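Visitor: I am new here. Please show me the structure, then walk me through it.

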Amino acid sequence: MDLSSINPVLLIASIMLSATPILLAAIGEMVVEKSGVLNLGVEGMMITGAVVGFAIAVNTGSPGLGFVAAAMASAVLSLSFGILTQVLLANQVATGLGLTLVGLGLSALIGTPYVGLKSPSVPKVEIPLLSDIPVLGPMLFSHDLMVYFSLFLVAAVWAVLKFTRIGLILRAVGESHDAAHALGYKVVRVRMAAIFFGGACAGLGGAYLGLARVLQWTEGMTAGAGWIALAIVVFASWRPWRVLIGAYLFGGVSVLQLNLQAADVAVPVALLSMSPYLITILVLIIISARGAHGAPASLGRIFHASG
Amino acid sequence: MIRLERRPSPSALWTAITPLIAVLLTMLVGGTMFAVLGKPPVQAIAAIFWDPIFGDFAFYYRGQLLVKAGPLILIAIGLSIGFRAGIWNIGAEGQYIMGAICGAAAGLAMYPSESVLIFPLMILCGALGGLAWAMVPAILKVRFGTNEILVSLMLVYVAETILASVSSGLLRNPEGMGFPGSRNFQQWDAAHNTELIAGTGMHWGVAASFIAVIFAYVMLSRHIQGFNIRLAGAAPRAAALAGVSWSRVILLCLGFSGALAGLAGLFEVTGPAGQISIDFNSGYGFTAIIVAFLGRLNPFGIVLAGLLMALTYVGGEIAQLNLQLPGAAIQLFQGMLLFFLLATDVFTNYRFRVGGAA
């Protein structure tokens, strides 16, 4: 056992790296749930984003285009969920599961020719001055653009939900769609927009997984990241900054267990590799036991205007 | 202006025909997808839906139908009961794996005995393994109100890790030259899940699935527990006022589906799969979700849906072999089937009306 081989600077930096995909997906899903829609298809949208982002980046040589394409592809895919649940009034749980199954199949189909290829690397952005600070610089200020973007997105979602009219309407629709409808807000349109946004975020998260973390495409590579994003939204009690904390906590656990595996700690490898999932369950228990949920009141309920 | 008007009760006609419409739509869109992939669409669809039953090698493929349908039906029956109550066990894949591991471990502990009691013991342990794995989300939901969807799903990944660990560790074949994977049950008569009627694919798991279908039908339509489950799903507040114990419904639904999924895993590992290996599970736990919905959560519907889904598995293999259709295309094909079913379901619960406001 050699714990001294774990470098704290690299550890924090890799925690940020591993938390980013889940953070992106989770903040998107939080917005969807705030509008009163439970989209269980995050995993399917993430993996679709992962494969589309990877394919476009490999073909064009530009990771940036890969991210854009991934966001678009997953957002379009999420619209199928939107049409089913908002227009055709299908059960959200079943449709979300269906979306995951469709996404897994679709991604495996698209990805077949890309197995074994290596992605172009995402350039790191060294923030001037700040990245020169010893220890803190390489730890916090020399990441790729998506890490900063994900943090910006959390702040943006928080500000929009808290301070703007759009945020107020979104929350109203999520709390009571009947009241929002009576006030003349377009419930279905607001929800479709939220679903679209959530899809784009999940796509970005998936693409980040393929382009910045794993650097290649393998079938089923999201390995439950989308489901963990869903758990983080519950953990966060539907609050943006807590989503950030949850994602980084989870990133911390998954990086730490990899480091412990590498350091030959006297804990079975199997136990370490299942620890992220076990800890997610543990966190869910603690949150549920505490009682205060804060879930939007209309979450998962079908809205039908004529009653 | 087209409006949707809620039907007072779901239309029986549409309930029955929406699965057929969904299959037709899937064939249409799937065929288009195959054409885009550069494969002849009509041949591909025929390979999936026709060749396994009437094609040149149908004598072999027909047996495969029951082999694939057995576990799908067994798992879907359990899931459907929970879905009726609004309890979403989507971790059947994990319960399936744990049932297989527990049952196989109980058997392997007795190796090389040829006692007739070994196979029944393995069946019991398989069911208990799946039951135990499903009790985790059930008890957490009862005790803390934890979301069973997320917990049961997380446990799938935990089960997969355990599977990887035991197949190269605890349960590895000591005479297997160091290769991962347990002893082969097909070569050990006392533990082999044999074909009951040669050439039909009928094994103990298929028999168990038919028993489960009848049991589920009787429970849902003739027994008070079945009524309580349906009531809890359709009108939770009415159920609570009528004195239905929500905790008991949760434990019953998750326990039942877990035990059936565990059984399916045990029958698979001692029969068609033959051994515990890192990838013996073929995603039946997830496909069974589609089967449950496609069968309208009705036991007899699930039998038909299970056979249909088995057809796409077997036909998918034929299409892979003859037309070099990628295996993932079939997975997508199955996902689309669920999507189209959910989309057409709007006709079951709503009427389309053309014209102004009511």
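Guide: Start with a definition: a residue is buried if 20 or more other C-beta atoms lie within 10 Å of its own, exposed if 12 or fewer, and partly exposed in between, with C-beta atoms placed from the backbone. This is a predicted model, where local features need pLDDT of at least 70, side-chain atom pairs count only at pLDDT 80 or more, and totals for chains, interfaces and linings use all residues. Residues are numbered from 1 along each chain as its sequence is written, while chains are lettered from A and ligands numbered from 1 in the order in which they are written.

Visitor: What percentage of the residues of chain B count as buried?

Guide: Chain B has 358 residues.

Visitor: What pLDDT does chain B average?

Guide: pLDDT is the predictor's confidence in each residue, from 0 to 100. In chain B, 99% of the residues score at least 70. The average is 85.

Visitor: What radius of gyration does chain B have?

Guide: The radius is taken over C-alpha atoms, and the globule rule is 2.2 Å times the number of residues to the power 0.38. For 358 residues, that puts a compact globule near 21 Å. Chain B agrees, with 21 Å.

Visitor: How many helices and strands does chain B have?

Guide: Helices (H or I, at least four residues) and strands (E, at least two) are DSSP runs, numbered from the N terminus. For chain B the count is 15 helices and four strands.

Visitor: How many residues does chain B bring to the contact with chain A?

Guide: Two residues are in contact if their C-beta atoms, placed from the backbone, lie within 7 Å. Chain A gives 38 residues. Chain B gives 40.

Visitor: How do the residues on chain B's side divide into nonpolar, polar and charged?

Guide: Elements that each supply at least two residues to this side include strand 1 (2–6) and helix 12 (284–294) of chain B. Ala, Val, Leu, Ile, Met, Phe, Trp, Tyr, Cys and Pro count as nonpolar, Asp, Glu, Lys and Arg as charged, and the others, Gly among them, as polar. The side divides into 29 nonpolar, seven polar and four charged.

Visitor: How many residues of helix 12 of chain B are buried?

Guide: The helix is mostly covered. Among its buried residues are B:Tyr284, B:Phe286 and B:Leu294. The count is 11 of 11.

Visitor: At what angle do helix 9 and helix 11 of chain B cross?

Guide: Axes are lines fitted to C-alpha atoms, for helices over the stretch in contact, and angles run from 0 to 180 degrees between N-to-C directions. The axes of helix 9 (residues 224–234) and helix 11 (residues 246–270) of chain B come within 10 Å. They cross at roughly 105 degrees.

Visitor: Which residues make that contact?

Guide: Helix 9 of chain B brings B:Gln225, B:Asn228, B:Ile229 and B:Ala232. From helix 11 of chain B come B:Trp246, B:Val249, B:Leu252 and B:Cys253.

Visitor: Which residues does B:Arg84 touch, leaving out those up to four places away in sequence?

Guide: B:Arg84 is found in helix 4 (residues 58–84) of chain B. It is buried, with 21 other C-beta atoms within 10 Å. It touches B:Ile229, B:Arg230, B:Gly233 and B:Leu297.

Visitor: Why does A:Trp238 count as buried?

Guide: A:Trp238 is found in the loop between helix 10 (225–235) and helix 11 (240–262) of chain A. Its phi is near 60 degrees, a positive value in a residue other than glycine. It counts as buried because its C-beta neighbours inside 10 Å number 20.
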